[in-house]
Amino acid sequence: MIGRLNHVAIAVPDLDAAAEQYRSALGANVGAPQDEPDHGVTVIFIELPNTKIELLYPLGESSPIQGFLDKNPAGGIHHICYEVDDILSARDHLIETGARVLGTGEPKIGAHGKPVLFLHPKDFNGCLIELEQV
Ligand code: CO
């Protein structure tokens, strides 16, 4: 059911410093910061030949990223995103297998303007998983 690895998301304590490190130390193609108020994050996408890296920084009062950074002050991998062809049928199948979908269970529009859902990390070996319909 799952397709390509769309991105690996890393929560960072300093967005400018992280972007500069990927640009100058790793020589990556680093995008511009985008605010995503619906998700409580500012994101920067880094294009790699085979996937993307999503740098995440808290935006607003109740950002889910702030709690993560409080527990992981140096930053860390926050989630990984897999592509699916049909997010609603993927969701229904996952719920049938006992997985929990976060939030209302209805897809939200993610950072690429496409529908996304998140799956409970306790159901996936401690890893928060995002599904994105492509
Ligand atoms: Co993501």
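Asn29 stands opposite Glu47 of strand 4, where strand 2 (residues 29-30) and strand 4 pair in the antiparallel sense over two bridges. Two strands count as paired if DSSP finds at least two bridges between them. The model is predicted, so local features need pLDDT of at least 70 and side-chain atom pairs count only at pLDDT 80 or more, while totals for chains, interfaces and linings use all residues. Residues are numbered from 1 along each chain as its sequence is written, and side-chain values use heavy atoms, with hydrogens and water left out. Helices (H or I, at least four residues) and strands (E, at least two) are DSSP runs, numbered from the N terminus.

**Strand 4 and its partners**

- Strand 4 (residues 41-47) is largely enclosed by the rest of the structure, because six of its seven residues are buried. Buried means under 20% relative accessible area, exposed over 50%, and partly exposed in between, with a 1.4 Å probe and protein chains only.
- Strand 3 (residues 34-36) also pairs with strand 4 in the antiparallel sense, over three bridges. Within this pairing, Gln34 stands opposite Val43.

**Ser63**

- Ser63 lies in the loop between strand 5 and helix 2 (64-71). Its relative accessible area is 7%, so Ser63 counts as buried.
- The Ser63 side chain makes two polar contacts with the backbone: one to the oxygen of Gly40 at 2.5 Å, and one to the nitrogen of Ile65 at 3.1 Å. A polar contact is a pair of N or O atoms within 3.5 Å; within protein, one must be able to donate a hydrogen and the other to accept it, and residues adjacent in sequence count only if both atoms are side-chain atoms.
- Not counting residues up to four places away in sequence, Ser63 touches Gly40, Val41 and Pro58. Contact means heavy atoms within 4.5 Å.

**Cobalt site**

- The protein donors of the cobalt ion are His7 (NE2), Glu54 (OE), His79 (NE2) and Glu130 (OE), at 2.1 to 2.4 Å from the ion. Donors are N, O and S atoms within 2.8 Å of the metal (3.2 Å for Na, K and Ca); water is not among the atoms, so sites may look incomplete.
- The four donor atoms subtend angles of 83 to 172° around the cobalt ion, which makes the arrangement irregular. Four donors count as tetrahedral if all angles lie between 85 and 135 degrees; four count as square planar and six as octahedral if opposite donors are over 155 degrees apart and all others between 65 and 115; anything else is irregular.
- The spacing of the donor residues in sequence is H-x46-E-x24-H-x50-E. His79 in strand 6 (residues 76-84) and Glu130 in strand 9 (residues 129-133) link distant parts of the chain, being 51 residues apart.
- Both His79 and Glu130 are buried.

- Cys81 sits in strand 6 and counts as buried, at 0% relative accessibility.
- Leaving out residues up to four places away in sequence, Cys81 touches Arg4, Leu5, Asn6, His7, Glu130 and Glu132.
- Cys127 is in the loop between strand 8 (115-119) and strand 9, and counts as partly exposed at 24% relative accessibility.
- Beyond its neighbours within four places in sequence, Cys127 is in contact with Ile80 and Pro121. The C-alpha atoms of Cys127 and His78 are separated by 8.0 Å, with the two residues 49 apart along the chain.

**Helix 3**

- Ile87, Ala90, Arg91 and Leu94 are the buried residues of helix 3 (residues 87-96). They fall within an arc of 100° seen down the helix axis, so they line one face of the helix. The arc is that of the directions from the helix axis to the C-beta atoms.
- These buried residues pack against strand 6, strand 8 and strand 9.
- Asp86 caps the N-terminal end of helix 3, with a side-chain oxygen 3.1 Å from the backbone nitrogen of Leu88.
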